[in-house]
Amino acid sequence: MSRLLLVTDLDNTLVGDDGALQRFNGWFKQHRQTYGSKLVYATGRSLKSYQRLTTQIALLEADILIASVGSEIYYPGYKLDEAWSSLSSLDWNRAGIVAITQQFPQLILQSESEQRPFKLSFVLHKEDAFILPELQAQLIIQGIEAELIYSNDHDLDIMRRKVNKGSALTYICRAPRFAAKQIVVCGDSGNDIALFAVNKLGIIVGNARTELLQWHQDNLEDDRYLAQANYAGGIIEGLKHFGIMHE
Ligand SMILES: [Mg+2]
């Protein structure tokens, strides 16, 4: 048993089953105290939306918050990592992207609080998702390098190329304080793929969405565990599978 860097998505991964979340919290609190383990939340939510969630649900305080699908990183006290923000904003052509997205009536802007300096977020319904290749093509024609991240058959986030939860995780791990075997990532949907792509040890919760399951099938990895149980129950199941949690 050793210290752990646990990186988890919130909605429909850690959050979704209050009883299991409580069990997870109790275990992690103890683990953190004993081994100096660290907890990282990697969420699509903006800081504001994350703060709203913390008033509704008992979440442990995270050591690091990766917010807005990786475009922002915060430390305790909600201190923004300015260096990451300037990296993730390099060559960011917001006006160019807005102009192109306006050609697609299927794209509906999400609420103002989810629009970030370096992220644009839209609702895109499943039956309209066929526009994605055309949207990507239009961006390339205009010389705009952007990352399109589609999750839950509903949310489309557009960010600078290579900005995602995975690149944010790689950034916070650049000082190698944790060995690869000590880092576990957990998720349920499309915007978590980038986490699994940069880290071998992973837990996909039982309620995962098809876009993540499909990616998992196409990129099988022995150290990635597909849980039966849903939400935090799936995380617990995976931690037991890896021999990290015993009880
Ligand atoms: Mg999720």
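Let me start with how to read it. Residues are numbered from 1 along each chain as its sequence is written. Since the model is predicted, local features need pLDDT of at least 70 and side-chain atom pairs count only at pLDDT 80 or more, whereas totals for chains, interfaces and linings use all residues. When I say helix or strand, I mean a DSSP run, numbered from the N terminus, with helices being H or I runs of at least four residues and strands being E runs of at least two.

Let us look at the sheets. I call two strands paired if DSSP finds at least two bridges between them. Eight strands form an open sheet with mixed pairing, and their order is β5-β4-β3-β2-β1-β10-β11-β12. At the edges of this sheet are β5 and β12, each of which pairs on one side only. Within the sheet, β1 and β2, the latter made of residues 38-42, run parallel to each other over four bridges, and Leu5 stands opposite Lys38 in β2.

Moving along to β3 (residues 64-67) and β4 (residues 72-75), we find an antiparallel pair with three bridges, in which Ala67 stands opposite Glu72 in β4. These two strands form a hairpin with four residues between them, and Ser68 in the turn has a positive phi of about 50°. The next pair, β4 with β5 (residues 79-80), is also antiparallel, over two bridges, and here Tyr75 stands opposite Lys79 in β5. The hairpin of β4 and β5 has three residues between the strands, with Gly77 taking a positive phi near 85°.

There is another open sheet, formed by four strands in the order β6-β7-β9-β8 with antiparallel pairing. Its edge strands are β6 (108-109) and β8 (146-151), each pairing on one side only. Strand β7 (residues 119-123) is joined to β9 (residues 155-160) by five bridges, and Val123 stands opposite Asp155 in β9.

Now to helix α9, and to the question of how many of its residues are buried. For this I need a cut-off: a residue is buried if 20 or more other C-beta atoms lie within 10 Å of its own, exposed if 12 or fewer, and partly exposed in between, with C-beta atoms placed from the backbone. By that rule α9 is mostly covered, as nine of its 11 residues are buried, including Ala232, Ile235 and Leu239.

What do these buried residues pack against? Counting a contact when two C-beta atoms, placed from the backbone, lie within 7 Å, they pack against β1 (5-8), α1, β10 (183-187), β11 (202-204) and β12 (224-226). Helix α1 (residues 18-35) packs with α9 at an angle of about 40°, with the axes 7 Å apart. That makes α1 oblique to α9, in a scheme where angles under 35 degrees are roughly parallel, over 145 roughly antiparallel, 65 to 115 roughly perpendicular and the rest oblique. The axes are lines fitted to C-alpha atoms, for helices over the stretch in contact, and the angles run from 0 to 180 degrees between N-to-C directions. On the α1 side the contact is made by Ala20, Leu21, Arg23 and Phe24, and on the α9 side by Tyr231, Ala232, Gly233, Ile235 and Ile236.

In the largest core, of 46 residues, the members touching the most others are Val7, Val40, Ile66, Val184 and Ile235. Helix α9 (residues 231-241) supplies the largest share of this core, five residues. A second, separate core has 17 residues, among them Val69, Ala146, Tyr150 and Met159.

Most residues other than glycine have a negative phi. Asn12, however, has a positive phi near 65°, and this residue sits in the loop between β1 and α1. Tyr231, in helix α9, also has a positive phi, near 50°, and is buried, with 25 other C-beta atoms within 10 Å.

Conventions:
A nonpolar core is a set of buried Ala, Val, Leu, Ile, Met, Phe, Trp, Tyr and Cys residues joined through C-beta atoms within 7 Å.
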